[in-house]
Amino acid sequence: MSHADLRLPQVQKLGQTSRTDVWWLQPLVVLLGLSAFGVYATWAAFQARDYFYHTGGAHYLSPFYSPLLYGAPHEPRWIDATLPSWWPSWMPFSAAFLILAGPGAMRFTCYYYRGAYYKAFWADPISCSVGEPKFRGEKYRGEYRLPLILQNIHRYVFYPAAAFVIVLFYDAFRAMWFTRPDGNGTEFGVGVGTLVLLLNATLLGGYTFGCHCARHQIGGYLDRMAGRPIRTACYTCVSWLNKRHMGWAWVSLVWVGWSDAYVRLLCKGVFTDFRIF
Amino acid sequence: MAQATFRIWKGQGDSAGFKDFVTDATVGMVVLDAVHQIQAESDPTLACRWNCKAGKCGSCSAEINGNPRLMCMTRLDQLDLTVPVIIEPMKSFPHVRDLVTDVSWNFRVKKAIKPFKPRKPDAPDGTWRIQQQDVERVQEFRKCIECFLCQDVCHVLRDHHKHPEFAGPRHFVYTAALEMHPLDTENRLGQMKDAGGIGYCNITKCCTKVCPEHITITDNAIIPLKERVTDEYYDPITRFFKIFKTNQ
Ligand code: SF4
Ligand code: SF4
Ligand code: FES
Ligand code: FES
């Protein structure tokens with residue numbers, strides 16, 4: 001605070017610490033985990049194929065491509081075209097480009113991920129009570145000034161992300177209906193793919209609805225909640241999820257990648273889907 | 001009886017440095033016991049602050065093997081005694097001598113935060129009525145023992161020395177306790193944004209990890225305050241709707 005001045009020299013250099021535990025392990029795991037996911041998601045988005053599995057009457061759509069705005073006529077596309085008319089012809093198109101931006105922005109501005117990638121990617125700080133690069137020193141801006149002050153946009157990113165979760169539940173529901181062998185209508189069924197997609201929507205729901213911004217907007221902004229039973233119940237639920245936000249964040253990240261890989265491998269014929277009933 | 005080596009920061013100013021002390025490590029001992037034993041056996045000039053030896057006064061804060069901890073709550077059987085145990089003073093405050101630092105900056109910051117301002121009493125006898133449910137949220141923050149370990153570990157103070165512009169996690173906890181109190185009518189959000197520099201916190205959660213009272217500093221105090229600051233200063237939509245809304 002301005003009336004409490006205190007000036008001290010920076011004592012620790014980058015990576016300097018008296019910690020004797022494996023402090024570098026956690027940032028390293030975060031670095032590798034997020035990088036691996038980023039590389040896989042980008043690769044999968046550029047494929048623009050093998051995202052919809054319909055052999056044996058199944059109806060599995062990869063979450064990276066959902067909602068499928070543009071696609072081939074036999075695919076569950078939302079708009080009656082294979083590609084947007086305004087898309088420049090020289091640029092490769094994948095429906096996933098339009099999709100990944102939403103959940104991508106959610107993760108990028110998420111309070112949990114922010115803390116984690118500031119450490120793992122920018123060494124700010126690399127780990128608790130471990131020294132930082134000297135050059136940053138007092139020039140540090142944190143999230144107080146541009147550019148990182150823009151992280152406050154997170155609350156707006158929440159709403160589209162919540163809509164994606166609903167769409168993914170719809171996809172999981174669609175994956176419960178298989179085209180009859182004679183091609184006449186659909187019948188209820190559950191395959192391994194159905195469970196993969198249902199779990200995916202559930203895990204992403206657990207992550208998204210445990211968001212700190214959701215917690216704030218559902219009731220956290222109030223000082224008094226007594227006498228508001230519905231709000232209290234919602235706030236309690238969101239807080240319960242929020243307490244485990246880091247866990248949801250990682251499990252849902254891994255599972256959404258796996259869901260895409262599962263549909264992709266089915267399409268490629270690496271293995272076949274097992275229909276439970 | 002097993003012996004253990006303690007590598008303790010000793011001295012003042014530029015002449016300070018590590019000095020090794022060997023002493024007996026018996027069952028049930030904590031680091032503060034070892035320091036007292038060293039004072040009694042080999043160096044009566046070794047300075048450290050302590051008071052309660054029960055983890056409640058917040059005086060014996062230090063860095064043990066690089067981790068900010070209370071000396072009185074760190075048992076020797078939690079540490080690897082086959083190598084020297086490193087004990088250093090906190091690094092975010094001016095060093096006085098040996099293990100002692102001057103933490104008075106924290107008290108000056110605290111004084112600057114707008115005090116509790118309750119609404120008018122609910123009953124003619126000057127008392128208030130509040131629901132248990134509503135005070136529960138701030139109860140957690142009141143467990144703070146002002147050990148300042150969270151201030152010590154926070155890189156905004158420790159590495160970036162933003163003391164003049166940043167109040168630090170301890171004071172965000174204190175502010176949250178007042179700001180979310182069901183009776184309070186004061187608004188400290190402007191103070192948190194500007195003089196308190198809450199935007200400097202990049203939510204690394206180091207403060208939460210070291211808190212001996214297990215206060216969920218980042219998730220329950222800092223992030224909700226950041227969200228309230230966003231409501232008040234950065235979010236155009238909530239700023240508009242605030243005209244109609246009350247946060248009571
Ligand atoms: S979460 Fe914020 S206040 Fe706590 S240690 Fe990290 S930067 Fe400091
Ligand atoms: S919040 Fe926790 S770590 Fe910080 S001063 Fe209070 S008790 Fe100590
Ligand atoms: S805080 Fe993680 S999604 Fe909002
Ligand atoms: S001596 Fe009181 S907290 Fe350690």
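**Close-up views of a predicted two-chain model**

**View 1. B:Phe18 is partly exposed, with a relative accessible area of 40%.** Partly exposed lies between buried, which is under 20% relative accessible area, and exposed, which is over 50%, as computed with a 1.4 Å probe on protein chains only. B:Trp9 is likewise partly exposed, its relative accessible area being 25%. The model is predicted, with local features needing pLDDT of at least 70 and side-chain atom pairs counting only at pLDDT 80 or more, whereas totals for chains, interfaces and linings use all residues. Residues are numbered from 1 along each chain as its sequence is written, chains are lettered from A and ligands numbered from 1 in the order in which they are written, and side-chain values use heavy atoms, with hydrogens and water left out.

View 2. A:Tyr60 belongs to strand E2 (residues 60-61) of chain A and A:Phe178 to strand E3 (residues 177-179) of chain A, so the pair ties together parts that are 118 residues apart in sequence. Both partners are buried, A:Tyr60 with a relative accessible area of 0% and A:Phe178 at 2% relative accessibility. In chain B, the rings of B:Trp9 and B:Phe18 have centres 4.9 Å apart and planes at 85°, so they too form an edge-to-face pair. For all these pairs, rings of Phe, Tyr and Trp (its six-membered ring) need centres within 6.5 Å, and planes under 30 degrees apart count as stacked, over 60 as edge-to-face and the rest as tilted.

**View 3. A cluster of rings and two charges over rings are the subject here.** One aromatic cluster is formed by A:Phe46, A:Tyr70, A:Trp86, A:Trp87, A:Phe93 and A:Phe97. The charged end of A:Arg275 sits over the ring of A:Phe178 at 4.0 Å from its centre, and that of B:Lys110 sits over the ring of B:Tyr174 at 4.8 Å from its centre; the rule asks for NZ of Lys or CZ of Arg within 6 Å of the ring centre and within 35 degrees of the ring normal.

**View 4. A:Ser259 is buried, with a relative accessible area of 0%.** The residue is found in helix H8 (residues 245-268) of chain A, where helices (H or I, at least four residues) and strands (E, at least two) are DSSP runs numbered from the N terminus. A polar atom of the A:Ser259 side chain lies 2.7 Å from the backbone oxygen of A:Trp255. With neighbours within four places in sequence left aside, A:Ser259 is in contact (heavy atoms within 4.5 Å) with A:Pro63, A:Val196, A:Leu197 and A:Asn200.

**View 5. B:Phe21 counts as buried, at 5% relative accessibility.** B:Phe21 has its place in strand E2 (residues 17-24) of chain B. Between B:Phe21 and B:Ala4 the separation is 17 residues in sequence and 8.3 Å in space, C-alpha to C-alpha. Beyond neighbours within four places in sequence, the contacts of B:Phe21 include B:Phe6, B:Ile8, B:Lys10, B:Ile38 and B:Asp43.

**View 6. The residues around ligand 2 include B:Cys144, B:Cys147, B:Cys150 and B:Cys211.** Also among them are B:Phe148, B:Arg170 and B:Pro212, each with a heavy atom within 4 Å of the ligand. By class, this shell has nine nonpolar, no polar and two charged residues, where Ala, Val, Leu, Ile, Met, Phe, Trp, Tyr, Cys and Pro count as nonpolar, Asp, Glu, Lys and Arg as charged, and the others, Gly among them, as polar.

Technical notes: Polar contact = N/O pair within 3.5 Å; in protein donor to acceptor, adjacent residues only side chain to side chain.
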